[in-house]
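I open this notebook to record what I looked up in a structure that is new to me. The entries follow the order in which I consulted it.

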Number of protein chains: 2
Amino acid sequence: MGKSKTLLFTPAQNELADLAKAMAHPARIAILQYLSNRKSCVNGTLVAELGLAQSTISQHLLELKELGLIRGSIEGATVNYCLNTERWQAVQSLFEGFFDQISATDHLNFCCD
Amino acid sequence: MGKSKTLLFTPAQNELADLAKAMAHPARIAILQYLSNRKSCVNGTLVAELGLAQSTISQHLLELKELGLIRGSIEGATVNYCLNTERWQAVQSLFEGFFDQISATDHLNFCCD
DNA sequence: ATAATCAATCGCAATATTACGATGAATTTA
DNA sequence: TAAATTCATCGTAATATTGCGATTGATTAT
């Protein structure tokens, strides 16, 4: 981020931006969609599914995990990842709140025509 | 993005990621919220509001503009920026579709406990 | 006309992200 | 036990993002 200026903004703004950042890469979108289709999955399955290296996917998974968007549990030699549905409900309402605020512009955009 | 791998993903995945990226910075969140509160605004007003340099804000505005999220119209020596509400409706439903897909996991997360 | 204001753009520096191969620790299979 | 599998982590390179000051072109005010 170059220099970080997070202190200039509210915690809510920073949190929303962080969550958006988690979705700001097509690989992570694809991972999340894949997880929503299966009961669970392992890293290796994703390597076959997406065209990325194992270490790259592991990194994306870590990013999603650190934000609490997914969870992983060790299952022998493999790891099962799945969506953290409670967390996603919170995320969804955060974004809904933002979208509502955006669309609650009670004025017409007469200024930009 | 290091090397870009957009070709690996669907257009829908790339589009969602691009839109998320637009929201992936607290300054841009703040700009959008500010625009939703006022009829319009100019770059200079934002410089006073946020603690960033004029050129930095101009850059953020450009990013939002390129995605069609805001529009600007020259008004003499100043520029009025405002939200592109039609565009935001489309964006909102894109994200809603994604969130619905995510929360439509008809299984319990028995795997990660 | 001259000065002041406004916002885009350029050039640059600092930092973050993305990606990969290699390595490592753990488990499983042979 | 030895080899193979699975996934995290490390190191590194390429690229993107963020931010600022300086400059520029345009408009407005004096």
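**Entry 1: the model and chain A.** I note at the outset that this is a predicted model. I looked up the make-up of chain A and found five helices and two strands. Read from the N terminus, the elements of chain A follow the order α-α-α-α-β-β-α. Chain A has 113 residues, of which 46% count as buried. Among contacts with a separation of 6 or more, 48% are between residues 24 or more positions apart.

**Entry 2: α5(A) against α5(B).** At what angle do helix α5 of chain A and α5(B) pack? I found an angle of about 170°, with the axes 11 Å apart. Because angles over 145 degrees count as roughly antiparallel, α5(A) is roughly antiparallel to α5(B). The crossing of α5(A) past α5(B) is left-handed. On the side of α5(A), the residues that meet α5(B) include Trp88(A), Val91(A), Phe95(A) and Phe99(A). On the side of α5(B), they include Trp88(B), Val91(B), Phe95(B) and Phe99(B). By class, I recorded twelve nonpolar, four polar and two charged residues in the contact of α5(A) with α5(B).

**Entry 3: α2(A) against α5(B).** I next looked up helix α2 of chain A, residues 26-37, which packs on α5(B) at about 40° with the axes 8 Å apart. That angle makes α2(A) oblique to α5(B). From α2(A), Ile29(A), Leu32(A), Gln33(A), Ser36(A) and Asn37(A) meet Phe98(B), Gln101(B) and Ile102(B) of α5(B). The contact of α2(A) with α5(B) holds four nonpolar and four polar residues, and no charged ones.

**Entry 4: α1(B) against α5(B).** The crossing of α1(B) past α5(B) is left-handed. α1(B) contributes Glu15(B), Leu16(B), Leu19(B) and Ala20(B), while α5(B) contributes Arg87(B), Val91(B), Leu94(B), Phe95(B) and Phe98(B). I recorded seven nonpolar, no polar and two charged residues for the contact of α1(B) with α5(B).

**Entry 5: the nonpolar core.** Which residues touch the most other members of the largest nonpolar core? In this core of 64 residues, they are Trp88(A), Phe95(A), Trp88(B) and Phe95(B). I then listed the neighbours of Trp88(A), leaving out residues up to four places away in sequence. Among them are Met23(A), Leu32(A), Leu69(A) and Leu83(A), as well as Phe98(B), Phe99(B) and Ile102(B).

**Entry 6: Ile29(A).** Is Ile29(A) buried or exposed? Its relative accessible area is 0%, so Ile29(A) is buried. Ile29(A) belongs to helix α2 of chain A. Beyond residues up to four places away in sequence, Ile29(A) touches Met23(A), Gln13(B), Leu16(B), Ala17(B) and Phe98(B).

**Entry 7: Leu52(A).** Where is Leu52(A) found? I located Leu52(A) in the loop between α3 and α4 of chain A. Because its relative accessibility is 10%, Leu52(A) counts as buried. Leu52(A) and Ala27(A) lie 25 residues apart in sequence, and their C-alpha atoms are 8.6 Å apart in space.

Terms used:
Residues numbered from 1 in each chain as written. Chains lettered and ligands numbered in written order. Predicted model: local features only at pLDDT ≥ 70, side-chain atom pairs only at ≥ 80, totals over all residues. Heavy atoms only, no water. Core = buried A, V, L, I, M, F, W, Y, C linked by side-chain atoms within 4.5 Å. Buried < 20%, exposed > 50% of the residue type's maximum accessible area, 1.4 Å probe, protein only. Contact = heavy atoms within 4.5 Å. Left-handed = near helix turned anticlockwise from the far one by under 90°. Helix = DSSP H or I, 4+ residues; strand = E, 2+ residues; numbered from the N terminus. Nonpolar A, V, L, I, M, F, W, Y, C, P; charged D, E, K, R; others polar. Axes fitted to C-alpha atoms, helices over the stretch in contact; angles between N-to-C directions. Parallel < 35°, antiparallel > 145°, perpendicular 65-115°, else oblique.
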